[in-house]
Amino acid sequence: MVNDAQQLELITSAAHFGYTFEGTESQVFASVPDGGTHGYLQYELDGKYQKRVKIAPNATAPVLVKAPTAGKHTVWIYKATEAHTGPIRIEKVVGENVSVVQKPDVPLIEFIGNSITSGAAADPSEVPCNTAEYHDQHNAYMAYGPRVARALGADFVLNSVSGIGVYRNWNSDGPTMPQVYEKLDFQKDTPHRWNFDKVTPQLVSIALGTNDFSLGDGIKERLPFDSTRFVNNYIEFVQQVKANYPQAQIALLSSPMVHGQNGATLENSLKRVKETIDRRYPSDKPVALYFFQPMQANGCTGHPSVEDHAVMAKELEPFFRKLLAQ
C-alpha cells in the first residue's frame, strides 16, 4: 500500500518489492510508524537469500545492501513479520541508477492461513525461542508458501494471521479469518480494505483449522470442537473467496500439526467442504485437497522450524505444480 506520504507500506507477511541498482551497494530507508513495535525485513540479492534485518522504532540507519562485485544487481525486499505486528514503511531507496522491478508475468498463488503459513516462530537463529517478542523468530520468506512459489516460478501473497481460525481462534471466539479476510491489515474495525481488483491469483491455497482444534491456554474456558460449525463456516469462507476470485482454483490443506483423531476429523471436515462447494459450483474447477504428513515441529512454541517448512514445501510442490498446469 502507498500511504498519504507516498511511502510504500509493507503490511502482510512476505509482502515484497524489487529493485535494481548499479555499483556495489544501495541503501533502503525503512521505518515503523510512531508507537509501533520493531519489525523485520529480509532480502535476496541476485537471486540468493541474504539475511533478516531488524527495523527498530525511530530507526535512522538504513538497510545496507552490499554486492560482492560491481555491475547491475537485483534486490528483492520482503517483510518477515505479520500484519498484526504493524507495517514497515519504505521511505526511499538510494543507489546508482536505482530502478523498480516490474511485477513478473507469472502465475500468482495466494496462501491463506495462520501462524504456520506466516512462518511464525520458525527461526531462532538470531533470537532464541522463549526470549524477546513473539515475532522475533518470524521468517516469512522461508515459510512453505513462498518456498513452493519460488520452486514453481510463481509469485505469491500471504494472507495469514497467527492464532486465527475458521470459527474460533487459538484462545478466543474471534475475529476469525472470514471476519477479517477482506481487511488490508486483518483488523476487524479497520477502514482499509483489500483491493481484489489489483490481485488475481490463479490458485488460492487455504490452510486453516489448527487453531479451531486448539485447547487454548488451558485457563480460558474452551468448548469441545464443533465440527458442524467448522464445516459450515469453512463453506461460507470458501464462497467468500470465490466471490472475489471466481476463476481461481481453490485448494484446501490440512495441518501437519493436527494429529491422530483430530487429524482424521479435520480431513473428513475438509472433504465435506469440498463436496458442498463442488455441488454448488458444478461448472467451476473442483476444489483440490491436500493432507499433510504428520509432523513433530522443531520451531518455537510448537511451530514448524525453517527446516520443517522446507520439508512441507517439498511435499507440496508436486501438488501445486499439477494444479498450476491445469
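**Figure 1. Overall architecture of the predicted model.** Helices (H or I, at least four residues) and strands (E, at least two) are DSSP runs, numbered from the N terminus. On this basis the secondary structure of the protein comprises 7 helices and 12 strands. The model is predicted, so that local features need pLDDT of at least 70 and side-chain atom pairs count only at pLDDT 80 or more, while totals for chains, interfaces and linings use all residues. Residues are numbered from 1 along each chain as its sequence is written, and side-chain values use heavy atoms, with hydrogens and water left out. The radius of gyration is taken over C-alpha atoms, and the globule rule is 2.2 Å times the number of residues to the power 0.38. For 326 residues a compact globule would have a value near 20 Å, and the protein agrees, with 20 Å. Along the principal axes, the C-alpha atoms fill a box of roughly 60 × 45 × 40 Å.

Figure 2. Buried means under 20% relative accessible area, exposed over 50%, and partly exposed in between (1.4 Å probe, protein chains only). Of the 326 residues in the protein, 53% are buried. The protein exposes about 14900 Å², of which carbon and sulfur atoms supply 49%; accessible areas come from the Shrake-Rupley method with a 1.4 Å probe, and for residues only the protein chains shown count as cover. Contact means heavy atoms within 4.5 Å. Among contacts between residues at least 6 apart in sequence, 76% join residues at least 24 apart. There are 30 positive and 35 negative side chains, and the centres of the two sets lie 4 Å apart. Lys and Arg count as positive and Asp and Glu as negative, whereas His and the chain ends are not counted. The place of a charge is taken as NZ of Lys, CZ of Arg, CG of Asp or CD of Glu.

Figure 3. Strand S3 (residues 39-45) is mostly covered, with 7 of its 7 residues buried. In a regular strand the side chains alternate between the two faces of the sheet. Gly39, Leu41, Tyr43 and Leu45 point one way from S3, Tyr40, Gln42 and Glu44 point the other way, and all are buried. Two strands pair if DSSP finds at least two bridges between them. S3 is joined to strand S4 (residues 48-55) by 7 bridges in an antiparallel arrangement, and S3 also pairs with strand S6 (residues 72-79) in the antiparallel sense over 5 bridges. Glu44 has Tyr49 as its bridge partner in S4 and stands opposite Trp76 in S6. The hairpin of S3 and S4 has 2 residues between the strands, and there Asp46 takes a positive phi near 50°.

Figure 4. Strand S9 is largely enclosed by the rest of the structure, because 6 of its 6 residues are buried. Strand S8 (residues 108-113) runs parallel to S9, and 6 bridges join the two; Glu110 stands opposite Val157 in S9. Pro175 lies in the loop between strand S9 (155-160) and helix H3 (177-180). The peptide bond from Gly174 to Pro175 is cis, with omega near 0°.

Figure 5. Most residues other than glycine have a negative phi, and most peptide bonds are trans. Ala121, in the loop between helix H1 (115-118) and helix H2 (144-152), has a positive phi of about 55° although it is not a glycine. Asn130, which lies in the loop between H1 and H2, has a phi near 65°. Ala121 counts as buried because its relative accessibility is 2%, whereas Asn130, at 71%, counts as exposed.

Figure 6. Thr12 lies in the loop between strand S1 (8-10) and strand S2 (16-31) and is buried, with a relative accessible area of 6%. Beyond its neighbours within four places in sequence, Thr12 is in contact with residues including Lys79, Leu158, Asn159 and Trp194. Val287 occupies the loop between helix H6 (260-280) and strand S12 (288-290) and is buried, with a relative accessible area of 4%. Val287 and Gln249 are 38 residues apart in sequence and 7.0 Å apart in space, C-alpha to C-alpha. Leaving aside neighbours within four places in sequence, the contacts of Val287 are with Gln249, Ile250, Leu252, Lys274, Ile277 and Asp278.
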